[in-house]
Amino acid sequence: MMQNEKFITNSIDSSELSFDDFKTIVINDYKIAYESRQASVLGRREVLTGKAKFGIFGDGKEVPQIAMAKAFKNGDWRSGYYRDQTFAFATGISTIKEFFAQLYANPTNGADPFSGGRQMNCHFATKSVNEDGSWNDLTQIKNCSSDISPTGGQMARLVGLAYASKLFRNNRELDYLKHFSVYGNEVAFGTIGNASTSEGVFFEAINAAGVLQVPMAISIWDDAYGISVPAKYQTTKEDISEVLKGFQRDAENPGYEIYKVKGWDYPALCEVYEKAIHICREEHVPVLIHVTELTQPQGHSTSGSHERYKSKDRLAWENDYDCILKMREWMLDSAVATEDEIAEIEKNAKTFVRDMQKEAWNEFLDSIKPEQKQVVDLISGLAKHQPELAKISAQLAATADAQRREVFSAARKAIRLSAKIDSPERAEMLKWYKDQNALNYDRYNSKLHTEGKESPDMIEITDAVYDDLSKMVDGREVLNACFNENFARDQRLVAFGEDLGNIGDVNQGFAGLQAKFGELRITDTGIREMTIMGQGIGLAMRGLKPIAEIQYLDYLIFALNVLSDDLASLSYRTKGIQKAPVIVRTRGHRLEGIWHSGSPISMLLGSLRGMHLCVPRNMTQAAGMYNTLFRADEPAVVIECLNGYRLKEKLPNNVGDFTVPLGKAEVLEVGSDITVISYGSTLRLVQEAAEELAGMDISVEVIDPQTLLPFDVTNVCATSLAKTNKLLVVDEDVPGGASAYILQKVLEEQKGYFSLDGQPRTLSAQAHRPPFGSDGDYFSKPSVDDIIETIYGMMHDANPSKYPKIF
């Protein structure tokens, strides 16, 4: 066979197959399982010998994964667990060679097609997105959403992947999206280890899918342990399907179909998966398959041995009930294959896997060897002028199997040590290094954002239009009109969240829109922030345009793990082959109370690189940002100002069409004495303060960055600072929070430091959350008085005779 040929499993239909056909399928399945086991064994050795950094493998789960793969069709989706390598082999999602290329973190284009060398082994993904950002035909491939390592983290997204099938089946207006679904017939397959079912996101996702009644098929690989911790410490009754019996549907109540099957019983597994997935696909009923009595022959990972925590009896049982061994016994007992036939399969599998491992390792090294030779030669050239550099060159030349970091460390050291000697050889070395830096940026740092043809940067900017008939309305009405026009324009738009549907959200931005566009498009959800975010991610990965609402910014913390671990890293960790343009809508800043007036912006800035963070000062700006994001294909959080819904704003004539560019700061007030940067609700306070300060002969330039991710890409802030030479940042985050981020951007990245003639200042909230009541707000967050006195104090420091002390 060809070196990197894919062997995939086929379904078994005993009513149509001859015995020879049946035998061929079973033998092929055994071959896949055995090759996968050998990949695990060899992969572990590669880690322990130092060729790879870490390894986690799917040994012990091979046979049930083959059974699951038989039911997996083109158009279906997987949101899985990092032990699903056999499933990946059996569906053709991965080859053995690609598996090892990922283990070695090979960033060469095409070597690791799942992550470009950025994820550890067994983290799979399929190509949803082309180089230009356009979508592939997802109905023609077996789809795998990009894996993540946090245990249970795959469950939130799984809900959305399954929910998309429900929308495609029940909303005929989506029929034109031919590349994304065939009438909603796709099943979303999820897998999880039994110990991870203890995670809250698992229970949240199980409940959400039961309520939504979506085609979600969750397989639980139960080997009775979570690393060293046995099931008795993990799960009530030591049995998750027993715990979940109340979800079993009956004649009167919708729910789940729940199955339990032994993981070493090949024919029973094939039968259960065929039956369960048929019901799931045809009836759109969630199913749960609890696969028990599995083993983990090599322990949890390469970081430890299971002999330390498993009893001798347990280890003996695992040897006897290894799923591959039991399948082998069944094949012999059923006369499907002879001992000689099986032995031949096993012999060939060992050889094949070893060959693939060697080929993957050699290709990884071969991609680096030209760079190694170039650096050796370049440093040798430098050594003509500095003989002491010859030692670096010789050491690198003698390094067998050098990795890229060793090559570049040698190059950088030579460049440092030759800094005082100008020569053509050094110029050549510097040119090589700069050229390679661009290549390494692509290998290791690119695609934080999709950057395709529908990037927000590519959206045409259209100004808001007003005339003499433009009305003054509540801010909430601007949003409502914006959402109304966009939902009428784009059938892909859906919105969901707590209290969003029937009452139109707690601040009435969606008032009346569910009645107009229907419950499938504007939907109430339960109180379940993690799976609201996951619902958005899954829908967006399947070509829809979801608005996932979190009622208050404080509550976004419930879902921060999903946003940070999954959504924000999606483009980066797949090197741009997957995207999920979710818009997370929430509201925050000024109100009353510890849990309804939050502004934890620094937490978001630190967690959500890869998303856009929009902080509009009013609802008109928010509407313009939504209009941009609705037409773009990158994820974002939009934080509306809580105290702005009933403030009057002029309604644009083109409320559904005007756009606000992301990353473009705006000068709201022109001034000459001091630059003040603020965003969100504090901007109105800054503008109010600027009016009083003008009467004190202080001219304030007020800048609204509008978005914090990205921040002021045209350096408006530094340009202003070059004029005023003084800088104050005002916001509602904790001290040293978002204000520190803004200072780093302006003073370091924009080189604003060189324009200062005095100490830059920040004015933020107190270090605690604001207490309840208007007085609590006044004394814990920046007030107009605070802003006036801070600015005046800065002017006093610069010119004490003109601006004498107030206090």
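Visitor: Which residues of helix 14 and helix 15 meet?
Guide: From helix 14 come Arg404, Val407, Phe408, Ala411, Arg412, Ala414 and Ile415, and from helix 15 come Arg426, Met429, Leu430, Trp432, Tyr433, Gln436, Asn440, Arg443 and Tyr444. Contact here means heavy atoms within 4.5 Å. Helices (H or I, at least four residues) and strands (E, at least two) are DSSP runs, numbered from the N terminus.

Visitor: What kind of model is this?
Guide: This is a predicted model, where local features need pLDDT of at least 70 and side-chain atom pairs count only at pLDDT 80 or more, while totals for chains, interfaces and linings use all residues. Residues are numbered from 1 along each chain as its sequence is written, and side-chain values use heavy atoms, with hydrogens and water left out.

Visitor: Back to those helices. At what angle do helix 14 and helix 15 cross?
Guide: They cross at roughly 145°, and their axes come within 11 Å. Axes are lines fitted to C-alpha atoms, for helices over the stretch in contact, and angles run from 0 to 180 degrees between N-to-C directions.

Visitor: And how does helix 12 pack with helix 14?
Guide: Helix 12 (residues 369–382) and helix 14 (residues 404–417) pack at about 15°, with axes 10 Å apart. That makes helix 12 roughly parallel to helix 14, a label for angles under 35 degrees. On the helix 12 side, the contact includes Val375, Ile379 and Leu382; on the helix 14 side, Ala410 and Ala411 are among the residues.

Visitor: Switching topic: what order do the strands of the open sheet have?
Guide: The seven strands run 11-10-12-13-15-14-20, with mixed pairing. Two strands pair if DSSP finds at least two bridges between them. The edge strands are strand 11 (522–524) and strand 20 (707–709), each pairing on one side only.

Visitor: How many bridges join strand 12 to strand 13?
Guide: Three bridges join these strands, which run parallel. In one of the pairs, alanine 548 has valine 584 of strand 13 as its bridge partner.

Visitor: Last one: how many salt bridges does the structure hold?
Guide: There are 49. A salt bridge is a side-chain nitrogen of Lys or Arg within 4 Å of a carboxyl oxygen of Asp or Glu. One of them joins aspartate 147 and arginine 78, at 2.9 Å from N to O. Aspartate 147 lies in the loop between strand 2 and helix 5, while arginine 78 is in strand 1, so the pair links distant parts of the chain, 69 residues apart.

Definitions and conventions
Parallel < 35°, antiparallel > 145°, perpendicular 65-115°, else oblique.
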